[in-house]
Each structure stands twice: as structure tokens, then as C-alpha cells.
Amino acid sequence: MKSNKNKKVAIDIKKASKRYFLRSTKANKKETFFALKDINIKIFKGEKVAILGDNGAGKTTLLKVMTGIAEPTCGKVSSFGKLVSLIDITAGFHPEFSGRENIYFNGILLGMNLSSIKKIEQAIINFSGIEKFIDQALYTYSSGMVLRLGFSIAIHSDPDILILDEEVVVGDQDFQKKAYDEIEKIFAKGKTIVVCSHVLPLLSRLCERFIWLDKGKVKMDGGKEVVIEYKKNRSQLDIEGIAKIKNEKKFFQFLQSLPIGERFIVEAASGSMEPLILKGDEVEVERCSIKDIKVKDIVAYWSDEFKNIIVHRIYKKSSRGIFLTRGDSNYIVDETPVTEDIFLGKVINF
């Protein structure tokens with residue numbers, strides 16, 4: 001990592017802890033749980049920081065504390081500059097206000113003045129794709145429409161600091177693609193960005209600093225050596241996890257043994273690479289020869305990194321004749337070679 005000696009601080013967290021009380025079956029007793037414990041982090045202006053950690057490590061709680069969505073039980077959190085979070089992007093909306101009125105209401109909460117909001121009002125409406133309904137009360141909107149409006153306001157507010165959760169993608173297929181494109185532009189502008197994701201190729205591509213959380217504490221903070229150590233830790237699977245991976249591999253091998261032309265349904269294990277297909281989506285795959293695949297086709301294949309079936313788009317064919325995949329967004333995934341031994345088939349419906 002580069003030296004931060006002369007850089008200005010964007011986010012300063014000092015001895016922050018977040019405690020929750022848990023219900024107990026024992027009468028008159030409260031159990032306490034620390035989602036965060038004694039966190040000390042300085043994030044400097046222009047840094048791109050990734051938060052690593054397993055489920056329950058405290059990643060989302062940390063992001064919420066940074067943004068002010070949640071208050072620390074003790075300690076202090078300070079931010080310097082306009083901070084926008086893509087965590088709870090519908091916070092700050094009023095159900096009785098129209099979509100247009102909520103643009104101004106939400107914009108003011110984000111620190112913008114009326115003249116600034118006026119300048120970007122139409123761009124927000126156009127991007128959200130709900131112009132026909134913009135003067136209707138928010139309570140008449142579907143949840144997807146509210147999310148799209150919230151995302152559009154946040155992304156057009158020109159933040160100095162962006163807090164980004166991996167579950168930010170909202171809306172239909174076309175809107176998902178637009179959302180990823182806008183996020184890429186922010187990364188390219190040199191803003192301060194804190195991103196949380198389980199997808200290591202995404203984080204390795206986008207970020208320069210990595211903070212590993214474990215059981216609410218900072219276990220490691222540094223450069224890409226943090227990712228290496230985190231991968232080593234994740235590779236130490238328990239027996240139950242190994243059995244699960246073996247079963248998934250056997251399922252893949254069974255599908256790969258099916259005759260050419262056979263069709264079947266699989267669940268995409270990764271939603272980071274292809275904006276049109278999210279993690280957990282079911283897709284229909286047709287068994288075919290890899291020789292029949294063309295650039296821009298969406299294919300299913302086995303990933304040893306994810307220990308599961310992945311669905312991505314073919315990006316190009318190398319000079320050696322090997323197909324390479326990545327999402328429609330250059331920032332979302334590293335190139336992955338797809339060879340005959342891991343190839344499953346072509347996605348024909350999703």
C-alpha cells in the first residue's frame with residue numbers, strides 16, 4: 001500500500017463497539033452480543049477499501065456504523081465530506097410524498113441544496129426509469145420502483161465517500177446493467193470507496209486496501225497480503241463443508257455426462273460477474289460442445305475457486321483458442337479461462 005502520511009482522513013473510527021441484547025430463555029436475563037468490538041480504523045481520502053469476512057463477521061454492521069445508519073454503543077465515528085451509502089438506499093423516503101418530492105427530501109438529507117438538486121432532478125428521473133409515475137405518492141410504488149429511485153438519487157449526488165454493499169444491485173435486467181456501469185464510473189473518479197463483498201476477484205480488482213473482520217474485530221489490515229491470508233483461512237474447511245463441496249462436484253460431473261442436446265436447470269453460484277444473472281438465480285442450460293460456443297454466449301462451467309457451477313458471459317477467445325469469461329463490467333471480475341474439462345453448456349433461458 002502507498003503511504004498515507006500526507007493524506008487527509010475521510011473516515012475515522014476510534015474504539016467503536018456495537019452491542020446488541022439477545023433474547024434469553026432464562027427469566028430476567030439478557031444475553032449480550034458484540035457485532036463490533038474495539039474497532040480502530042482510519043480511511044484516507046481517495047482510498048478504495050475492501051471489507052473481508054465470513055457471514056456474521058460484522059461487515060454490514062461496520063458499514064452501517066460508518067454511514068450513521070447505526071450508532072456505535074461506545075467509541076466515536078467521524079466522516080469528512082459528503083458520504084452516501086448504497087446499503088439502505090430507501091432510507092429517508094416519505095411514503096406520502098411523490099417521487100419528485102422525495103428526490104428533494106432525500107437530496108437535502110444527503111447534504112445537497114435546492115439548486116443542486118434542481119440541476120440533477122431530470123437526470124435522476126431518467127435514470128430511474130419511472131418518469132410516468134414520478135408525481136404519484138411513493139406508497140403507490142412497487143418496492144422495485146422505490147429501490148430504483150433511491151439508487152438513482154444516491155448515484156447522482158456526487159458523493160465524496162461511497163459505502164457500497166454487495167447486495168446493491170436492484171431492478172430489472174436493464175437497470176442492473178446501468179447500476180453496475182454507474183458504480184464503475186465512481187470507482188474511476190478517485191473517490192473514497194468502502195466496499196463489502198464475498199467475491200475476492202471483485203475486491204482484488206477494485207481495491208488497494210483490505211480489512212479482514214473476524215467475530216467483530218479487525219484481524220488484519222493491509223494490502224493484498226490480507227487477501228492471501230484470508231483465502232488460506234477459508235481453505236481450512238470443516239468436514240461438513242468438504243462433504244458439501246464433494247456433492248456439488250459430483251452433481252457437476254453427472255450433468256457433464258449428459259448427452260449433447262440435453263437441457264436442465266442449475267442455480268448460479270456466483271452473481272458477481274454477469275449483471276443479468278444474480279447469485280441464486282435458476283437458469284436453463286443446454287449441453288453442447290465447447291466448439292459450438294461463440295463470443296458473447298452465456299455459459300455454465302465449474303469453478304474450483306467457488307467450488308460450484310458458475311454462469312458467465314464469454315468475453316473473448318485468446319490467441320491460443322481458449323475462451324475467456326468475465327461480466328459485462330470490466331471491474332466486476334477477472335478474466336477466467338473456460339476449457340473443455342470444466343465446461344458444462346450454454347445458457348438458453350434465464
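**View 1. Strand 1 meets strand 4.** Strand 1 (residues 9-22) and strand 4 run antiparallel and are joined by 5 bridges; strands here are DSSP runs of E, at least two residues long, numbered from the N terminus. Zoom in on Asp-12 and you'll find its bridge partner in strand 4, Ser-78. This is a predicted model, with local features needing pLDDT of at least 70 and side-chain atom pairs counting only at pLDDT 80 or more, while totals for chains, interfaces and linings use all residues. Numbering starts from 1 along each chain as its sequence is written, and side-chain values use heavy atoms, leaving out hydrogens and water.

**View 2. Strand 1 meets strand 2.** Here the pairing is antiparallel again, over 10 bridges; strands pair if DSSP finds at least two bridges between them. Ile-13 sits opposite Ile-41 of strand 2.

View 3. The 3 strands form an open, antiparallel sheet in the order 2-1-4. Strand 2 (31-44) and strand 4 (74-79) are the edges, each pairing on one side only.

**View 4. Helix 1 on the sheet.** Helix 1 (residues 59-67; helices are DSSP runs of H or I, at least four residues) packs on the sheet and touches strand 1, strand 2 and strand 4, contact being heavy atoms within 4.5 Å.

Technical notes. Axes are lines fitted to C-alpha atoms, for helices over the stretch in contact, and angles run from 0 to 180 degrees between N-to-C directions.
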